[in-house]
Amino acid sequence: MPTLRSLEALEREGLLSPDPRLEAAAQSMAIAVTAEMAALIDRADLAHDPIARQFVPSVAETEVSPEELADPIGDEFRSPVKGIVHRYPDRVLLKPLHVCPVYCRFCFRREKVGPGGEALSADELDAALAYIRARPEIWEVILTGGDPLMLAPRRLGELLAALDAVSHVAVIRIHSRVPLADPGRITDELVAALRPRRAGVWLGVHCNHARELTVDARTALTRLASAGLPLMSQTVLLKGVNDDVETLEQLMRALVAARVKPYYLHHPDLVRGTGHFRVSIAEGQALMKTLRGRLSGLAQPTYVLDVPGGHGKVPVGPAYLGDDPDALTVQDAFGGSHPYPPR
Ligand SMILES: *Cc1c(COP(=O)(O)O)cnc(C)c1O
Ligand code: SF4
């Protein structure tokens with residue numbers, strides 16, 4: 001089955017009931033549900049399915065509240081050249097293209113991604129590479145987009161080779177949904193394009209539910225790990241997808257078992273039309289506290305918030321130390337509170 005790319009295609013597959021109000025949701029962002037993801041959806045309980053909720057448009061997307069932003073993490077404020085976001089001194093984002101294997105309805109770049117958004121032209125990519133070459137403080141280049149693993153293997157290989165030739169770039173990090181959402185794209189050719197280089201190449205996979213780690217996805221991850229790529233994950237905390245402790249526990253355990261180190265649990269950004277996905281920071285902290293008591297340290301992500309306005313990411317707890325510096329208390333992972341000497 002090809003990737004489903006329209007309301008009609010989703011309706012035909014029994015993944016959506018027709019509703020005229022969905023047109024507006026479909027127009028606000030591109031649609032793509034790969035065969036792998038469509039196969040995971042429980043058609044008998046569409047309303048509560050965590051995979052459908054991530055990828056199938058819903059009427060709730062047309063509800064925009066005043067605090068929601070077109071550029072929720074302030075990428076525009078920090079873009080010196082097209083395709084580059086330079087927010088932290090030692091690292092830049094490089095966005096070579098805007099297409100993704102799936103379109104996530106909660107995406108923090110939902111107004112930028114999609115087949116309509118243009119990839120960087122050859123000249124624009126040269127200008128972005130020139131920006132990186134001219135700045136020795138750039139230690140790490142993070143390829144994102146869109147999804148960099150949607151590039152043809154030959155183009156991806158050329159881009160990695162160009163970055164690898166910049167001697168001050170020590171690390172190339174790639175963020176992708178492809179290994180899980182479309183594992184068939186992890187071909188020998190693609191793996192060869194990612195082969196070890198002078199610079200360390202890391203791969204971060206976006207995964208929000210244990211169900212996404214299918215047999216094929218795990219096979220793709222094994223091939224990538226065997227090719228020498230360290231693997232880590234990013235998860236977005238999403239209401240109705242993974243905002244309960246059992247779901248998060250299963251997800252983090254499944255990732256570690258697949259040799260993927262949980263890196264970040266993202267608090268959902270203030271993206272327009274995504275109020276139905278948002279949880280409170282207090283709920284996120286409570287979930288993290290419970291995970292701390294239940295899970296191996298290997299399986300603990302850092303819970304982070306991207307501060308609106310382009311101010312970057314910070315961990316948002318929970319905190320384990322009491323507020324009074326003269327009578328310090330520390331809470332354990334099971335809720336107990338204990339005094340600790342000030343020095
Ligand atoms: C998220 C992000 C990074 C990477 O942040 P890490 O904390 O290193 O993972 C870098 N630049 C920008 C603009 C970002 O949004
Ligand atoms: S794969 Fe990433 S960039 Fe693409 S739609 Fe999903 S969250 Fe957005």
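**A walk along the salt bridges**

Guide: Let us begin with Glu111, which counts as partly exposed because its relative accessibility is 37%. Please keep in mind that this is a predicted model. The side chain of Glu111 meets that of Arg272 in a salt bridge, with N and O 2.8 Å apart. Arg272 is partly exposed too, at a relative accessible area of 32%. Glu111 sits in the loop between strand 2 and helix 5 (122–133), while Arg272 belongs to the loop between strand 7 and helix 11 (281–294); the pair links distant parts of the chain, 161 residues apart.

Now turn to Glu212 and Arg177, whose closest N and O atoms are 3.0 Å apart in another salt bridge. Glu212 is in the loop between strand 5 and helix 9 (215–226) and Arg177 in the loop between strand 4 and helix 7 (178–181), so this pair ties together parts 35 residues apart in sequence. Here both Glu212 and Arg177 are buried.

Next come Asp188 and Arg223, joined by a salt bridge of 2.2 Å, N to O. Asp188 lies in helix 8 (residues 188–193) and Arg223 in helix 9, so parts that are 35 residues apart in sequence are tied together by the pair. Asp188 is exposed, with a relative accessible area of 57%, whereas Arg223 is partly exposed at 29%. Beyond these pairs, Glu246, Glu249, Arg253 and Arg294 are joined into one network by salt bridges that share partners. The count for the model comes to 20 salt bridges.

Technical notes:
Residues numbered from 1 in each chain as written. Chains lettered and ligands numbered in written order. Predicted model: local features only at pLDDT ≥ 70, side-chain atom pairs only at ≥ 80, totals over all residues. Heavy atoms only, no water. Salt bridge = Lys/Arg side-chain N within 4 Å of Asp/Glu carboxyl O. Helix = DSSP H or I, 4+ residues; strand = E, 2+ residues; numbered from the N terminus. Buried < 20%, exposed > 50% of the residue type's maximum accessible area, 1.4 Å probe, protein only.
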